[in-house]
Amino acid sequence: MKIAARLLLLLLTVLLNPFHAAAADSPPVASADRQKVIEAMKRATTFMTDKVAYKGGYVWTYLPDMSRRWGEMEARETMIWLQPPGTSSMGHVFLDAYHATGDEFYYRAAEQVGAALIWGQHPSGGWNYVVDFGGDRSLRDWYATIGRNAWRLEEFQHYYGNATFDDEVTSDAAKFLLRLYVEKHDPRYKPALDKAIQFVLDSQYPIGGWPQRYPLSEEFSKHGRPDYTSFLTFNDDVAAQNIYFLTLCYEALGEERLLDAITRGMNFFLSSQQGPPQPGWSLQYTLDVRPAGARSYEPQSLSTHTTASNIAHMISFYEMTGDSKFLARVPESIEWLQSLRLPSSDKDPRTLVPTFIELGTNKPLYVHRRGSNVVNGEYYVDNDSRRTLGHYSATRRIDVVGLRKRYEAAKAKTPQELAKQSPLFPGAGAKELPRLFATVYEPVPEGNIQTLTTTALGSLNAEGYWAAPLRMTSHPYKADGSKQVAKGDFASTHVGDETDTSPFPDPNPPMGISTAEYMKNMNVLIQWLETAPGQ
């Protein structure tokens with residue numbers, strides 16, 4: 001699940017405007033409606049905390065009888081997941097509901113999430129993708145069976161025993177603990193928050209970037225490739241998420257010591273940008289700041305979606321600092337992306353570009369695979385755009401026009417204008433955190449809020465949850481993959497043969513329990529409470 005770009009755009013809105021909320025466009029409503037909303041929220045949350053949570057934590061989806069459950073991969077009963085929309089994200093919606101209702105019930109639910117995160121915090125201060133309350137032996141067994149046989153999910157094929165910044169695992173947990181602590185300044189949460197902040201500081205390289213995993217390890221080589229987890233990482237917005245987390249801490253806690261790490265982090269975006277005629281960025285970099293490959297299907301190259309994301313961050317950094325150096329090379333990067341445009345017959349106004357661009361030649365690189373499982377399969381790269389991967393897009397849609405507009409709008413702002421909102425300008429002082437966070441993870445759908453609320457109230461089932469189609473499934477682990485290639489064509493599928501434990505789209509998705517569905521409907525009801533007249 002790759003939602004980092006959307007999360008960061010919304011997080012920046014939150015950073016620069018702590019009073020951000022949806023427009024109050026709903027019509028007047030009766031007090032009886034408010035009671036129905038309050039009752040539905042509490043009934044749905046009670047179901048999640050009492051029937052779904054395991055020791056305060058969550059995965060992503062569950063069959064109604066709880067016989068199977070999944071995060072990014074299939075999980076065991078004793079496991080909780082940290083990638084959004086997992087445990088930390090659920091904590092955010094509980095705190096949002098507390099702010100919207102004032103009901104201590106939701107604060108207690110958030111405390112349960114906090115306890116699960118503290119239990120699962122790595123001694124270094126960060127978090128892994130998953131926490132297993134069954135203990136280290138149980139988690140190692142999961143990695144040696146289910147994890148190791150996920151052909152396309154190489155990050156789960158080896159148990160490192162350390163923590164990760166990938167997919168917002170550590171930053172989302174740390175943001176939640178920050179919110180939980182500043183809510184009532186309960187000293188129980190300060191040690192874990194301090195450890196998380198120190199983890200982000202300790203793991204930062206002098207040049208300003210961060211590795212994907214920490215403490216550093218180089219023990220897992222895939223098909224002779226170097227272990228990429230110690231490389232300087234932009235993939236999934238690792239660097240930007242850490243910068244924004246530290247900025248929230250700087251804003252809410254007033255810790256001056258964080259400013260140096262924030263500044264070095266932003267400057268790393270400048271030092272890692274490639275020179276003309278390819279002014280883009282790579283997913284990862286070696287420690288001497290050379291573009292590097294990562295997973296087997298992420299070749300050494302320049303990445304167009306990373307470049308687009310980093311352009312947006314450079315504009316954000318200008319808005320946060322008023323320093324024009326962050327805007328200086330934005331135009332050439334935008335023009336470079338435009339120059340990579342591929343022919344497109346559809347009506348999507350965004351620019352279609354290859355995902356990976358070869359260093360030096362500007363030619364597209366396309367990734368393919370052969371075989372049927374993690375044992376006999378392999379990925380390879382060439383310039384042929386046919387029969388590319390199904391689970392990792394060979395092309396991207398980039399809103400080049402939108403990037404240009406945002407650049408022009410930012411350039412038109414003076415440092416004096418920016419200083420009024422930015423938490424980093426001298427004299428800004430400590431500020432309260434925003435009241436609401438969870439729409440970052442599951443936005444309220446477009447439409448009339450009263451209509452959306454009526455739908456949410458009507459779709460809460462008798463058991464107390466919002467049922468949703470479970471669109472992804474997986475083969476249960478039975479045995480390790482074989483050296484013998486199975487019959488079939490797996491070049492463009494999400495999954496290989498029956499030994500591949502990678503999730504894949506279910507052609508007949510069953511209805512089940514979904515944290516994302518819960519969060520979406522809760523966000524609708526919370527927005528209704530926030531915007532209803534007289535509330």
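I will go from the overall fold to the aromatic rings.

This is a predicted model, in which local features need pLDDT of at least 70 and side-chain atom pairs count only at pLDDT 80 or more, while totals for chains, interfaces and linings use all residues. Residues are numbered from 1 along each chain as its sequence is written, and side-chain values use heavy atoms, leaving out hydrogens and water.

The protein chain has 15 helices and 20 strands; these are DSSP runs, H or I of at least four residues for helices and E of at least two for strands. Its radius of gyration is 23 Å, close to the 24 Å from the globule rule for 535 residues, so the chain is as compact as a globular protein of that length. That radius is taken over C-alpha atoms, and the rule is 2.2 Å times the number of residues to the power 0.38.

Of the 535 residues, 57% count as buried, meaning under 20% relative accessible area with a 1.4 Å probe, protein chains only.

Now the rings. Rings of Phe, Tyr and Trp (its six-membered ring) pair if their centres lie within 6.5 Å; planes under 30 degrees apart are stacked, over 60 edge-to-face, and the rest tilted. The count comes to 27 aromatic pairs. In one of them, the rings of Tyr 98 and Tyr 107 have centres 5.4 Å apart and planes at 45°, so this pair is tilted. Tyr 98 is buried at 11% relative accessibility, and Tyr 107 is buried at 4%.

Elsewhere, one aromatic cluster is formed by Phe 234, Tyr 244, Phe 268, Phe 269, Tyr 285, Phe 317 and Phe 326.

Conventions. Buried means under 20% relative accessible area, exposed over 50%, partly exposed in between (1.4 Å probe, protein chains only).
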